Amino acid sequence: MRILQVTPFFAESYGGTERYSYFLSNALADRGHDVEVYTSRLYKGVYNPQLRPNLLVHRYVTLGSVWKINPLAVILPALIWNASEYDVIHAHSFLYFTSNQVALAKIYRSYFNMRNPPVLLQIHGGIGIPKELKISRYKKTIKRIYDNTIGSMTIHAADAILTMSQIEKEQILENFKVDENQILILPNAVLDETLELARFKKLDYEKDVFTLIYAGDLEPWKAVEDLIAALKIVRKKIDNIELMIVGEGTQKKKLEKMARGLPVWFTGYLPHKQALIRIAEASAFVMPSIWEGLPTVILEAMAAKTPVISTSVGAIPE
């Protein structure tokens, strides 16, 4: 098959959606499919790297980003004129400008009776908006308007919708009134290399320090500030405890300020395998989010035999 993956970012060291599309594209290429990727231009240099003979990445001109998380990559012309070359188009998340353009291109091609390959839209969380989310009223209003207009268009333009859990399927049906038969549930999974970590995990030795680890985006819905606040309380009873925070995001400077004087350190982005090793070596993994789908990183922590402490949101209880 000729498969087109459309994703806002494409690299192993970004967030869950980006890493998912990265590893999926490589795995599909390993199985002999011809895979191409449309994504944003992240850096200067090689824009069309051929990662392997049957995996080509196109990085398109990007006119900035919305709130530093949604790249304004211009891929609509390519989607309109090149779509007929593919057997299926797989778009990641309904929240991004890249997926919006997949929907617009499909509508355009239908109007002019051009060949339209089926579009598979994978949700990756982000349905609705939790009351507890600590963002401005303005941003919450924008999200509601988006869901009822562009977001709804993007979801209804898809031929099939891929979701990671039963609860997310119910949220889609409640918020967007789509045909239930269009929705497929495919839970997230972990790579074989994650399972390999379990071989050297939890050796028979006592650590002097109890190490907590968080790995993910540093954004408001991840609520890492709650984790730092909790650490202050816990340290009153447990001295030998520390926190490692892996990731980047708009909240990093605020979090660094909150963590001053505490045994907390920020690693920034780490390559996927390095992050997995840190998770495997930690005493426990903590997910303080107030808004989630089904975080792959929790599955990775469990696969590496690291205990998980998490809020009860999204599909995590599932």
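In what order do the eight strands of the open sheet stand? I read the order as E3-E4-E2-E1-E7-E8-E9-E10, with mixed pairing.

**Basis.** I worked from a predicted model, in which local features need pLDDT of at least 70 and side-chain atom pairs count only at pLDDT 80 or more, while totals for chains, interfaces and linings use all residues. Residues are numbered from 1 along each chain as its sequence is written, and side-chain values use heavy atoms, with hydrogens and water left out.

**Sheet.** I took strands (E, at least two residues) and helices (H or I, at least four) as DSSP runs, numbered from the N terminus. I counted two strands as paired if DSSP finds at least two bridges between them. I noted strand E3 (50–52) and strand E10 (183–185) as the edge strands, each pairing on one side only. I found that the twist averages 20° from one strand to the next; axes here are lines fitted to C-alpha atoms, and angles run from 0 to 180 degrees between N-to-C directions.

I then looked up strand E2 (residues 34–40), which runs parallel to strand E4 (residues 55–60) and is joined to E4 by six bridges. Ser40 has Tyr60 in E4 as its bridge partner.

**Strand E7.** Is E7 (residues 88–92) largely enclosed or open? I found five of the five residues buried, so E7 is largely enclosed by the rest of the structure. Buried means under 20% relative accessible area, exposed over 50%, and partly exposed in between (1.4 Å probe, protein chains only). Val88, His90 and His92 point one way from E7, and Ile89 and Ala91 the other way. I recall that side chains in a regular strand alternate between the two faces of the sheet.

I listed the neighbours of E7 next. Strand E1 (residues 2–6) pairs with E7 in the parallel sense over four bridges, and Gln5 stands opposite His90. Strand E8 (residues 119–122) also pairs with E7 in the parallel sense, over four bridges, and Leu121 in E8 stands opposite Ala91. From E7 the chain crosses through helix H3 (residues 97–111) to E8 in a right-handed β-α-β crossover. Right-handed means that, with the strands pointing away from the viewer, the path from the first strand over the helix to the second runs clockwise.

**Surface.** Which residues form the nonpolar patch on the surface? I found Val66, Trp67, Tyr138, Ile142 and Ile145, with about 470 Å² of accessible area together. Helix H4 (residues 137–156) gives the largest share, three residues. Tyr138 lies in helix H4 and counts as exposed at 55% relative accessibility.

Conventions. Patches are made of residues with over 30% relative accessible area and no salt bridge: like charges are joined within 9 Å, nonpolar side chains (Val, Leu, Ile, Met, Phe, Trp, Tyr) within 5 Å. Accessible areas come from the Shrake-Rupley method with a 1.4 Å probe; for residues, only the protein chains shown count as cover. A salt bridge is a side-chain nitrogen of Lys or Arg within 4 Å of a carboxyl oxygen of Asp or Glu.
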